[in-house]
Amino acid sequence: MTRDVYEYAVIRVVPKVERGELINAGVLLYCQPRGYLCARVELDAARLRALDPNADLDGVRRALSAYELACGERPGPLAEESLGGRFRWLTAPRSTIVQAGPVHAGLTADPETELARLFDKLVRV
């Protein structure tokens, strides 16, 4: 079975950027050889409220869903970009409440299964 290089980043929520506290809320995975780019997100509202009782849950959910939408084929500002270009744009450093962490790499024979594994390991409690 052939394994290909993939890159991924954890999508995190940093409700008070100045404090640096965060929760993991998703994973973004890109596998160039397989033409695969996908994000999976899930907000644990109770964990976010523990860090910031006044967090805008709806706003955070909208920002998280933007990662999923940017990976799809729907019209939007990134629709004309290559998958690699989208991944680089989505993982660019930001000082916003929802942001991607550092990019890591690995090998996989099945990017979708790898995304599910990383999501369960890094996001779900």
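This is a predicted model: local features need pLDDT of at least 70, side-chain atom pairs count only at pLDDT 80 or more; totals for chains, interfaces and linings use all residues.

Me: What cut-off applies to a disulfide here?

Reply: The two cysteine sulfur atoms must be within 2.5 Å. Cysteine 71 is likewise in no disulfide, its nearest cysteine sulfur being that of cysteine 38. A search of the whole structure finds zero disulfides.

Me: Is cysteine 71 buried or exposed? And what about cysteine 38?

Reply: Cysteine 71 counts as buried because its relative accessibility is 9%. Cysteine 38 has 26% relative accessibility and therefore counts as partly exposed.

Me: Cysteine 71 is among the buried residues of helix 2. Which others are buried there?

Reply: Leu57, Gly59, Val60, Leu64, Tyr67 and Ala70 are also buried in helix 2. The helix covers residues 57–71, which is 15 residues. From first C-alpha to last it reaches 22 Å, close to the 21 Å expected.

Me: What do those buried residues pack against?

Reply: They pack against strand 1 (4–13), strand 2 (23–31), strand 3 (36–41) and strand 4 (98–100). Helix 1 (45–51) and helix 3 (83–91) are also packing partners of the buried residues of helix 2.

Me: Turning to the largest nonpolar core, how many residues does it have?

Reply: It has 24 residues, and those with the most contacts inside it are Ile11, Val13, Leu28, Leu43, Leu48 and Leu64. At least two residues each come from strand 1, strand 2, strand 3, helix 2, helix 3 and strand 4. Helix 2 gives the largest share, six residues. A second, separate core has 10 residues, including Leu29, Tyr36, Leu115 and Val123.

Me: And pockets? How much space lies in the largest one?

Reply: About 180 Å³. Of its 13 lining residues, Leu69, Ala70, Gly76, Pro77 and Leu78 are the closest to the centre. Helix 2 and helix 3 are the elements that give two or more residues to the lining.

Me: One more topic: where is proline 15?

Reply: Proline 15 sits in the loop between strand 1 and strand 2. Its relative accessible area is 12%, so proline 15 is buried.

Me: Which residues does proline 15 contact, leaving aside neighbours within four places in sequence?

Reply: Proline 15 is in contact with Glu21, Leu48, Leu51, Asp52 and Ile97.

Key
Residues are numbered from 1 along each chain as its sequence is written. Side-chain values use heavy atoms; hydrogens and water are left out. Helices (H or I, at least four residues) and strands (E, at least two) are DSSP runs, numbered from the N terminus. The expected span of a helix is 1.5 Å times one less than its number of residues. Buried means under 20% relative accessible area, exposed over 50%, partly exposed in between (1.4 Å probe, protein chains only). Contact means heavy atoms within 4.5 Å. A nonpolar core is a set of buried Ala, Val, Leu, Ile, Met, Phe, Trp, Tyr and Cys residues joined through side-chain atoms within 4.5 Å. On a 1 Å grid over the protein atoms alone, a cavity is a set of points where a 1.4 Å probe fits but cannot get out, and a pocket is an open set with protein on both sides within 12 Å along at least five of seven lines; lining residues have an atom within 4 Å of a point. Grid points are joined across faces, edges and corners, and a volume is the space filled by probe spheres set on the points.
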